[in-house]
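Me: I am new to this structure. Please take a close look at a single part of it, and then show me how that part sits in the whole.

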Amino acid sequence: MTNFAVKKSSILTDYDIDNLYRKFGGANQSYIEIVNVMKNKSTIDKYPLLKDISLSITDTVKEHKINKSTY
Amino acid sequence: MKRVFVKGIKGGTGTTSVVANLACVLKKSKEQVYVIDLDPKSDVGLHLGLAWAHEYGWSNYPTFNEASCQFHQDSDGVIFLPFGSNSQAQFSSSRIIEGCKQIDNSDNAWLLFDCPAHIDVTQYSLNEDDIFLEVVNCDAICHSLIYKRLQTLSQAAGQWQHYFLANRYNSASELEFDLLQLWQSEIPLLASLYINKDEVIKEATAFRNVAINCAPYSVANDDFETLAGWLVSRVNQDES
């Protein structure tokens, strides 16, 4: 009765967070965003329409037609 | 007065439900709330208890002052102005937006505009204090439209707070889950919250009501309360 399934998650300590700051650049952000880049890429590759848009956006950025930093 | 314009990136994204539910949640938080229906479908009133047979709204009058007689108040105290039945409105949306400035100048007043999906945001004279919520669903067409919108926004002359708000999010859908994850890291201007798909919203509408009244402990109501709080933070950030 006491052997309940317990979900264990990793909890970052302050030390872990400081290490992340050091590894990925300064401690001037108020938060850290963790992005699964490979997962996002596989999502784009999986769906032809998303891939088409991604390729067009990449081409447009290369041609300097839109500046993403202006958002 | 705080102005929030809500528009779907395409038709059918659930914009009117968002406006009606958001209005009632804000009203429950002791804010003064006005809802203006700029959509010729004129269906905001259906969420706020207006009789289906009621045809008149601001579009049936030649001036804002005359149209003011069509302001209604729902049981929660939300004051709303239906579009009406004249799809060829006698005066333009821009004039009704301008006219609404004289409604209430108090700091805790919210003016929510339910905008039609076909409208171009640049047709409204927005200023830097205005918030423009563009409602999207997690699907491939909205993904395409978001990127097209980002291109037009990068060339827009005006300044306002523009956000994409994901509505009807179904976390059980692999596509929607993946798309939202992708958007959260790739799409600038994505609101840091989303509205979950919840049958309560449709059911509440069928009862000519909103989620907070029909199912106050629902996920939908939680989401709209989060949206209201987030909007308050956007306004306060703007004021600070």
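Reply: Start with one pair of residues. B:Lys2 stands opposite B:Trp110 in β5(B). This is a predicted model, where local features need pLDDT of at least 70, side-chain atom pairs count only at pLDDT 80 or more, and totals for chains, interfaces and linings use all residues. Residues are numbered from 1 along each chain as its sequence is written, while chains are lettered from A and ligands numbered from 1 in the order in which they are written.

B:Lys2 belongs to strand β1 (residues 2-8) of chain B, which pairs with β5(B) in the parallel sense over 6 bridges. Strands pair if DSSP finds at least two bridges between them. The elements themselves are DSSP runs, numbered from the N terminus: helices are H or I of at least four residues, strands are E of at least two.

Now stay with β5(B). It covers residues 109-115 of chain B, and 6 bridges join it to β2(B), again running parallel. B:Gln32 stands opposite B:Ala109. B:Asp37 stands opposite B:Asp114.

How enclosed is β5(B)? 6 of its 7 residues are buried, so the strand is largely enclosed by the rest of the structure. Buried has a cut-off: 20 or more other C-beta atoms, placed from the backbone, lie within 10 Å of the residue's own; 12 or fewer makes it exposed, and anything in between partly exposed.

Step back to the whole chain. Chain B has 9 helices and 8 strands. Its radius of gyration, taken over C-alpha atoms, is 17 Å, close to the 18 Å that the globule rule gives for 240 residues, so chain B is as compact as a globular protein of that length. That rule is 2.2 Å times the number of residues to the power 0.38. Along the principal axes, the C-alpha atoms of chain B fill a box of roughly 50 × 40 × 35 Å. Of its 240 residues, 41% count as buried. A contact means C-beta atoms, placed from the backbone, within 7 Å.

Next, the other chain. Chain A has 3 helices and 0 strands. Of its 71 residues, 6% count as buried.

Where do the chains meet? The contact takes 13 residues from chain A and 15 residues from chain B. On the chain A side, α2 (37-46) and α3 (48-62) each supply at least two residues. The largest share, 4 residues, comes from α3(A).

Last, confidence. Chain B averages a pLDDT of 91, and 98% of its residues score at least 70. pLDDT is the predictor's confidence in each residue, from 0 to 100. For the complex, the predictor gives an ipTM of 0.75 and a pTM of 0.85.

Key. Contact = placed C-beta atoms within 7 Å.
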